[in-house]
Amino acid sequence: MIKRDEIPPGTLYLLILKTLSLHGPLHGYEMANSIQQSSENILQVEEGSLYPALQRMLIKGWVTAEWGVTAGNRRARYYKLTAAGRKQLQTELSQFGRVFGAINRVIQMA
């Protein structure tokens, strides 16, 4: 059995924005599945975290959403990155890089 780790606080937006930038419009299940596969099954985005985050991102204008039909002929809401979302992705990546670098410096101390 593969042990899954919790997604670090503050990185869910980054993961969603990056996934949408790579794959284009996706519905929630596709997004969660893509993150899980890309992380080699280490990260798992739960519905209880994903959909509230997407709703907040809609309000912030980082994504838009349209109803569509999945390959399995089910109705689903497809999310797409906006220009504001692409700009926010760069902000999130920069912030993550600074924090990760700082953490790395601390743990590398002898």
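Predicted model: local features only at pLDDT ≥ 70, side-chain atom pairs only at ≥ 80, totals over all residues.

In which loop is Glu40 found? Glu40 is found in the loop between helix 2 and helix 3. Just after helix 2, Glu40 takes a positive phi of about 55°, although Glu40 is not a glycine. Most residues other than glycine have a negative phi. Glu40 counts as exposed because its relative accessibility is 67%, and the cut-off for that class is over 50%.

Asn73, which is not a glycine, has a positive phi of about 65°. Asn73 has its place in the loop between strand 2 (63–69) and strand 3. With a relative accessible area of 65%, Asn73 is exposed.

The overall layout can now be set around these loops. The protein chain contains four helices and three strands, and their order along the sequence is α-β-α-α-β-β-α. The C-alpha trace spans about 55 × 40 × 20 Å along its principal axes. Residues 24 or more positions apart supply 52% of the contacts in the protein chain with a separation of 6 or more. Of the 110 residues, 35% count as buried. The accessible surface of the protein chain comes to about 7,600 Å², and 55% of that surface belongs to carbon and sulfur atoms. As for charge, the chain carries 13 positive and 8 negative charges, whose mean positions are 9 Å apart.

From the surface the description turns to the interior. In soluble globular proteins, nonpolar side chains tend to be buried together. In this model the largest nonpolar core has 23 residues, and those with the most contacts inside it are Ile16, Leu20, Met31 and Met57. Helix 1 (12–23), helix 2 (28–38), helix 3 (47–60) and strand 3 each supply at least two residues of this core. The largest share, six residues, comes from helix 1.

Ile16 illustrates how parts of the chain meet. Not counting residues up to four places away in sequence, Ile16 touches Met31, Ile35, Leu50, Ala53, Leu54 and Met57. Ala53 is buried because its relative accessible area is 0%, where the cut-off is under 20%. Leaving aside its neighbours within four places in sequence, Ala53 is in contact with Leu12, Tyr13 and Ile16. Between Ala53 and Phe96 the C-alpha to C-alpha distance is 18 Å, and the two are 43 residues apart in sequence.

Which residues of helix 2 are buried? They are Gly28, Met31, Ala32, Ser34, Ile35 and Gln36. The cover over the buried residues of helix 2 includes helix 1, strand 1 (26–27), helix 3 and strand 3. Within helix 2, Ser34 is buried, with a relative accessible area of 12%. Once its neighbours within four places in sequence are left aside, Ser34 is in contact with Thr19 and His23.

Thr82 has its place in the loop between strand 3 (75–81) and helix 4 (83–108). Is Thr82 buried or exposed? Thr82 is buried, since its relative accessible area is 15%. The side chain of Thr82 reaches the backbone oxygen of Trp62 at 3.0 Å. Apart from its neighbours within four places in sequence, Thr82 is in contact with Gly61, Trp62, Val63 and Thr64.

Helix 4 itself can be followed through Leu93, which is found there. At 33% relative accessibility, Leu93 counts as partly exposed. Leu93 and Tyr78 are 15 residues apart in sequence, and their C-alpha atoms are 23 Å apart in space.

Note on methods. Residues numbered from 1 in each chain as written. Heavy atoms only, no water. Buried < 20%, exposed > 50% of the residue type's maximum accessible area, 1.4 Å probe, protein only. Contact = heavy atoms within 4.5 Å. Areas by Shrake-Rupley, 256 points an atom, 1.4 Å probe, with all protein chains shown as cover. Lys, Arg positive; Asp, Glu negative; His and termini not counted. Charge placed at Lys NZ, Arg CZ, Asp CG, Glu CD. Polar contact = N/O pair within 3.5 Å; in protein donor to acceptor, adjacent residues only side chain to side chain. Core = buried A, V, L, I, M, F, W, Y, C linked by side-chain atoms within 4.5 Å.
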